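We'll go from the overall layout down to single residues.

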Amino acid sequence: AKSWHLTGVFVIDDDTLKFGLSVTGFVDPQNIWSNNHARPGDQLILTKPLGTGTLTAGLKRDAYSENDITDALESMAQLNNAIDFLDNDDLTYIHAATDITGFGLMGHALQMAKASEVQMRFEFAKIPLFDRAVESLQNEFLTKAHRTNREYTQDSIDLRHSKQDKILWQEQILFDPQTSGGLLLAVAKDRAQIICKKLQQNFSKA
């Protein structure tokens, strides 16, 4: 079988010291998870909680110690090896996938929705969050990306809530930039619960 050669390179220009690298590899073109095949009726599975952006912002401000945000640090060190916990039959029910990184949940979900020509609906109460993420956002530990991610998506998303229910931190978590965030999977409805249970064995808050 033919293989595709993939190279990923990121370029960042700012005042914070970064470690730069490039990633190369080979993939079978018949076994690729892309972000452009989500279907109407699919269920969405997020394999890791949200909140690394605000928590690391709090860490930089000395509001938290590393021990305070152990769950986030352990999650960032965890591989997104979801495929290792699924069988070949499961994989046929996963229609689309993307990782949630710097553009936040809304940014990457928007890219998947546009590529697949579908709309996506999220229920806030079902979105997994790290333990101190709410507290950190309420203390306004934010990054530049919280603002730019909102600006990037605001013309394409609808944040529905009544005036009395509007809580800013609930919106901010949707734009929170993730470091080594989880996978967002669009899964056929009749298989989603089975796949989610399998993933929960390794991704506890999936």
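What follows is a walk through the fold, its cores, some helices and a few residues.

First, some ground rules. This is a predicted model, in which local features need pLDDT of at least 70 and side-chain atom pairs count only at pLDDT 80 or more, while totals for chains, interfaces and linings use all residues. Residues are numbered from 1 along each chain as its sequence is written, and side-chain values use heavy atoms, with hydrogens and water left out.

Let's start with the whole chain. The protein chain has eight helices and five strands; both are DSSP runs, numbered from the N terminus, with helices being H or I of at least four residues and strands E of at least two. Reading from the N terminus, the order is β-β-β-α-α-α-β-α-α-α-α-β-α. Of the 206 residues in the protein chain, 37% are buried. Here buried means under 20% relative accessible area, exposed means over 50%, and partly exposed is in between, using a 1.4 Å probe and protein chains only. As for contacts (heavy atoms within 4.5 Å), take those in the protein chain between residues at least 6 apart in sequence: 81% of them join residues at least 24 apart.

Now for the inside. In soluble globular proteins, nonpolar side chains tend to be buried together. A nonpolar core is a set of buried Ala, Val, Leu, Ile, Met, Phe, Trp, Tyr and Cys residues joined through side-chain atoms within 4.5 Å. The largest one in this model has 27 residues, and Leu50, Leu105, Ile127, Leu129 and Ile173 have the most contacts inside it. Two or more residues each come from α1 (52-60), α4 (104-116), α5 (133-138), α7 (168-174) and β5 (183-187). Of these, α4 gives the most, with four residues. For a closer look, pick Ile127: leaving out residues up to four places away in sequence, Ile127 touches Leu46, Leu50, Leu105, Phe122 and Leu174. Apart from this core lies another, made of 13 residues, including Ala82, Ile94, Ile195 and Leu199.

Next, turn to α1. Thr52, Gly53, Thr54, Leu55, Ala57 and Gly58 of α1 are buried, and what covers them includes α2, α5 and α6. Just after α1, Asp62 takes a positive phi of about 65°.

What about α2, residues 70-77? Ala72, Ser75 and Met76 of this helix are buried. Looking down the axis of α2, the buried residues fall within an arc of 100°, so they line one face of the helix; the arc is that of the directions from the helix axis to the C-beta atoms. Glu74 and Ala77 are exposed on the other side of α2. The cover over the buried residues of α2 includes α1. Ser75 is worth a click: its relative accessibility is 7%, and, leaving aside neighbours within four places in sequence, Ser75 is in contact with Lys48, Pro49, Phe130 and Ser180.

Back to α4, this time with a partner. How do α4 and α6 (residues 144-153) pack? Their axes are 9 Å apart, at an angle of about 30°. Axes here are lines fitted to C-alpha atoms, for helices over the stretch in contact, and angles run from 0 to 180 degrees between N-to-C directions. Gly104, Met106, Gly107, Leu110 and Gln111 of α4 make the contact with Asn149, Tyr152 and Thr153 of α6. Also in α6 is Glu151, partly exposed with a relative accessible area of 42%. Glu151 and Phe175 are 24 residues apart in sequence and 9.6 Å apart in space, C-alpha to C-alpha.

Most residues other than glycine have a negative phi. Glu117, in the loop between α4 and α5, has a positive phi near 60° and is exposed, with a relative accessible area of 74%. Ser180 sits in the loop between α7 and β5, with a positive phi near 50°. At 29% relative accessibility, Ser180 counts as partly exposed, and it is one of the residues in contact with Ser75.
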